[in-house]
Amino acid sequence: MVLRDWLKGLEYECIRGSLDTEVSEVVYDSRKAAPGAVFVCMAGTRVDSHRFVPDVLKAGVRVLVTERGIEEELGKAAEESGLTEEELSRVTVLQTGDGRHALALLSAARFDYPAAKMVTIGVTGTKGKTTTTHMIKAILEAAGKKVGMIGTTGTVINGQVTPTMNTTPESYELHQSFAKMAEAGCQYMIMEVSSQGIKMHRVDGLAFDYGIFTNISPDHIGPDEHADFAEYLCCKSRLLSMCRIGLVNLNDGHFKEIVKDASCRLYTYRVKEDGETKADFEASNVRYVSRPDFVGTEFDVKGRYEMDVRLGIPGLFNVDNALAAVSICSFLDLSKERISHALEHVRVNGRMEIVHTSARCTVLVDYAHNAVSMESLLSTLRQYHPKRLVVVFGCGGNRSKERRYSMGEIGGRLADLSIVTADNSRFEKVEDIIADIRGSIEKTGGVFIEIPDRR
């Protein structure tokens, strides 16, 4: 390939060199620099990779994409690398406004736009992304489709899971995974689209066929994340300008703010309550089912699509997630019988995951790790009217103490018995963390025991 072939959609100024330079790879890590590579410079919060220009030129790179002028770095390269004036004259430099944006577009081109070879579904929201993507995957696979998935649990291709550093990986890794999916014969690609992934331009240039916005509440606000809730909401809502068809939860209190700049064809879904504005897809007549062989919900889907659903994961918020999955799958011409079977038997690791059922008890695992999630979890389980509700939990170390105080208070208030144990204590003593939790449980008068060794 030549550089010119990879520049579709990218705004840039060619400072020096030729667009007809041969290229074979895109790199943003200077340690991977090699002849034929395009090195993308980015000024990050901790590291400005423009300073590695002399290193990558020494490694054989002859195409640089920068965010600023690099005359000083080129001069340093001549001194340190021993490059002659003639060799430096053959270096191509493109200057663009944002290196991360450039990396996303160059990566898509390098892998020959693999996402365009599949039906793509992006899911964003504060809660429910992982569960919703797993539900859609289960439905599609039950219908005999090959599916690739990227999210919190890693990258999944044909049942093989590869761990990822972020919910939404860096753009190069994304397109590399898309290429592997397409090569493996995947017809569909489903991914969680995080607010950070959008803010950091990791999904720039992607055009999703379908986008889902589950809900929003304050989260990921602070240093190195989002400045405030307004920025968080703005980043998430940009998914609705990156998809052809968008689906949004009408019950969310921020619905109008979420959709105000949407450019897709928009549909709504909601768990119906009397007197509410009508949505395109509605779940009604929700029943909580608890038997020795099944714990979950049953509900009716009405509106643009109609069917009865038996969902094998407890909780009203999972009715929300399942309704989103059914609504999107209604556009895909799938058998209702396959959809129904998939949702009855779906399992998501750590998301209301039923690990044991019997006449005596039901045991679930849930990764509730903050006050909002824990309160939602225990309140949901109360709706099944258990004879006894026991919660086993701990809190991570070197994190805000407010989290352990609030989780202790919720356990004391909503559970019949709290068993307090270790979580990832990091550099704190487990006993100190448990002491903080203990104090907040004691204030509620709740019953608890302590078993520091989680095993």
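**Sheets, loops and totals**

Trainee: Over how many bridges do β13 and strand β14 (residues 281-291) pair in the parallel sense?

Mentor: This is a predicted model, in which local features need pLDDT of at least 70 and side-chain atom pairs count only at pLDDT 80 or more, while totals for chains, interfaces and linings use all residues. Residues are numbered from 1 along each chain as its sequence is written, and side-chain values use heavy atoms, with hydrogens and water left out. Helices (H or I, at least four residues) and strands (E, at least two) are DSSP runs numbered from the N terminus, and two strands pair if DSSP finds at least two bridges between them. For β13 and β14, arginine 270 stands opposite glutamate 282 in β14, and the number of bridges over which these strands pair is three.

Trainee: Which residue in β13 is the bridge partner of asparagine 249?

Mentor: Strand β12 (residues 243-249) pairs with β13 in the parallel sense over five bridges. Within β13, asparagine 249 has as its bridge partner tyrosine 269.

Trainee: How many of the seven residues of strand β13 (residues 265-271) are buried?

Mentor: A residue is buried under 20% relative accessible area, exposed over 50%, and partly exposed in between, with a 1.4 Å probe and protein chains only. By that scale β13 is mostly covered, and the number of its seven residues that are buried is five.

Trainee: In the open sheet of five strands, which strands stand at the edges?

Mentor: The five strands have mixed pairing and follow the order β1-β5-β4-β3-β2. The edge strands each have a single partner strand, so one side of each is left without a neighbour in the sheet. These strands are β1 (13-16) and β2 (25-27).

Trainee: Which helix packs on that sheet, touching β2, β3 and β4?

Mentor: Among the pairings of this sheet, strand β3 (residues 37-40) and strand β4 (residues 63-66) run parallel and are joined by three bridges, and valine 40 has valine 65 in β4 as its bridge partner. Contact here means heavy atoms within 4.5 Å, while axes are lines fitted to C-alpha atoms, for helices over the stretch in contact, with angles running from 0 to 180 degrees between N-to-C directions. The helix makes about 155 degrees with the direction of β2, and its name is α4 (residues 99-110).

Trainee: In the open sheet of three strands, by what angle are neighbouring strands turned against each other on average?

Mentor: This sheet has the order β19-β20-β21 with parallel pairing, and its edge strands, β19 (390-393) and β21 (448-450), each pair on one side only.

Trainee: Which residue is the bridge partner of phenylalanine 393 in β20?

Mentor: Strands β19 and β20 (residues 417-420) run parallel and are joined by four bridges. The partner of phenylalanine 393 in β20 is valine 420.

Trainee: Is aspartate 333 buried or exposed?

Mentor: Aspartate 333 is found in the loop between α10 (316-329) and α11 (336-345), and its phi is near 55 degrees, a positive value in a residue other than glycine. For comparison, most residues other than glycine have a negative phi. Because aspartate 333 has a relative accessibility of 74%, the class to which this residue belongs is exposed.

Trainee: What is the relative accessibility of asparagine 398?

Mentor: Asparagine 398 lies in the loop between β19 and α13 (401-414), with a positive phi near 55 degrees. This residue counts as partly exposed, since its relative accessibility is 37%.

Trainee: What distance separates the C-alpha atoms of glutamate 344 and isoleucine 313?

Mentor: Glutamate 344 is in helix α11 and is partly exposed, with a relative accessible area of 24%. Not counting residues up to four places away in sequence, glutamate 344 touches Phe294, Arg310 and Gly312. Isoleucine 313 is 31 residues from glutamate 344 along the chain, and their C-alpha atoms are separated by 8.0 Å.

Trainee: What percentage of the 455 residues in the chain is buried?

Mentor: The chain has 14 helices and 21 strands, and its C-alpha atoms fill a box of roughly 80 × 55 × 40 Å, taken along the principal axes. Of its contacts with a separation of 6 or more, 63% are between residues 24 or more positions apart. The buried share of the 455 residues is 50%.
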